[in-house]
Amino acid sequence: MGSAPYPAGEWKGKGRGGLQELGCMPWKVSKQKGGGGEVVDLSSSSSSLTPPAPPQPSLRPPAIYHEKQRRELCALHALNNVFQDGTAFSRDTLQEIYQRLSPSTMVTPHKKSMLGNGNYDVNVIMAALQTRGFEAVWWDKRRDVGSIELSNVEGFILNVPSNLRWGPLRLPLKRQHWIGVREVGGVYYNLDSKLRNPQPIGNPDELRKFLRQQLRGKNCELLLVVSEEVEAHQTWRSDG
């Protein structure tokens, strides 16, 4: 899939320029300052009364699955990045869903989805999620993202304008692009398939700031990926 898992801690503070490709509001990652503490090795102490402490197991940062852009399969990449599983969906699976959907079952006809054109539109994404017991909640931009119950949301899929390229050349044209966002190891990441590496967003407060900035951009939309149970009970909302 042209993808590889990355240690979560490896990308902090990197890749700030990636969001310029999206055509939405840029996001500035806040820097985290080190504590400046000193590590003292007590194992070489001359005292024989206190035995050295046993070595502690090293805590490795979790791996991040980040699927890179290939052809015009950004919907596929966004889905797999949200589920952190390169086998969650395949191009054949999405193509089969695309072919069996009829205009009577779609939110809007093909190539004219409510979130914009793309290789696969929002109808395919919604149907694909349902095959795994999940639903896509289309976020009403008139509401503040502070009312999202983050603990009940599996991830986020944003639909944003993106510049077209022909090799190294950027064309004066835009089309809609799907990107995935989710939490890994306590940190939220922008897993846009056009980024070279996963881009850390930060904690829940920083995620909300990120989403607010994106939704202020022109033609940006947001889907919440939630389980069927969460959708049935509307527990993705913190305001009841």
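Reply: What follows is a tour of one loop and its partners.

This is a predicted model; local features need pLDDT of at least 70, side-chain atom pairs count only at pLDDT 80 or more, and totals for chains, interfaces and linings use all residues. Residues are numbered from 1 along each chain as its sequence is written, and side-chain values use heavy atoms, with hydrogens and water left out.

Start with the idea of pairing. Side chains of opposite charge can pair when their charged atoms come close. A salt bridge here means a side-chain nitrogen of Lys or Arg within 4 Å of a carboxyl oxygen of Asp or Glu. That rule gives a count of 6 salt bridges.

Now find Arg-143. Its salt-bridge partner is Asp-239, and 2.8 Å separates the closest N and O atoms. This pair links distant parts of the chain, 96 residues apart. Arg-143 lies in the loop between strand 3 (134-138) and strand 4 (155-166). Asp-239 lies in the segment after helix 5 (228-233). Helices (H or I, at least four residues) and strands (E, at least two) are DSSP runs, numbered from the N terminus.

How exposed is each partner? Arg-143 has 25% relative accessibility, so it counts as partly exposed. Asp-239 is also partly exposed, because its relative accessible area is 45%. The cut-offs are simple: buried is under 20% relative accessible area, exposed is over 50%, and partly exposed is in between (1.4 Å probe, protein chains only).

Arg-237 joins this group. A network of salt bridges links Arg-237, Arg-143 and Asp-239.

Move on to Asp-144. The side chain of Asp-144 meets that of Arg-212 in a salt bridge, at 2.8 Å from N to O. Here, too, distant parts of the chain are linked: Asp-144 sits in the loop between strand 3 and strand 4, while Arg-212 belongs to helix 4 (residues 204-216), 68 residues apart. Asp-144 is partly exposed, because its relative accessibility is 40%. Arg-212 has 29%, so it counts as partly exposed as well.

Next, look at Asp-140 and Arg-142. Their side chains form a salt bridge, again given as 2.8 Å from N to O. Are these two residues buried or exposed? Asp-140 is partly exposed, because its relative accessibility is 30%. Arg-142 reaches 77%, so it counts as exposed.

Back in the loop, pick out Glu-149. It is placed between strand 3 and strand 4. Its relative accessible area is 28%, so Glu-149 is partly exposed. What does Glu-149 touch, leaving aside its neighbours within four places in sequence? Glu-149 is in contact (heavy atoms within 4.5 Å) with Thr-235, Trp-236, Arg-237 and Ser-238. Asp-239 itself is 90 residues away from Glu-149 in sequence, but 8.5 Å away in space, C-alpha to C-alpha.

Arg-143 pairs with Asp-239. Asp-144 pairs with Arg-212 in helix 4.

For a contrast, glance at helix 1 (residues 74-83). There, 10 of 10 residues are buried, so the helix is mostly covered. Among them are Cys-74, His-77, Asn-80 and Phe-83. Gln-84 follows helix 1, with a positive phi near 55°.
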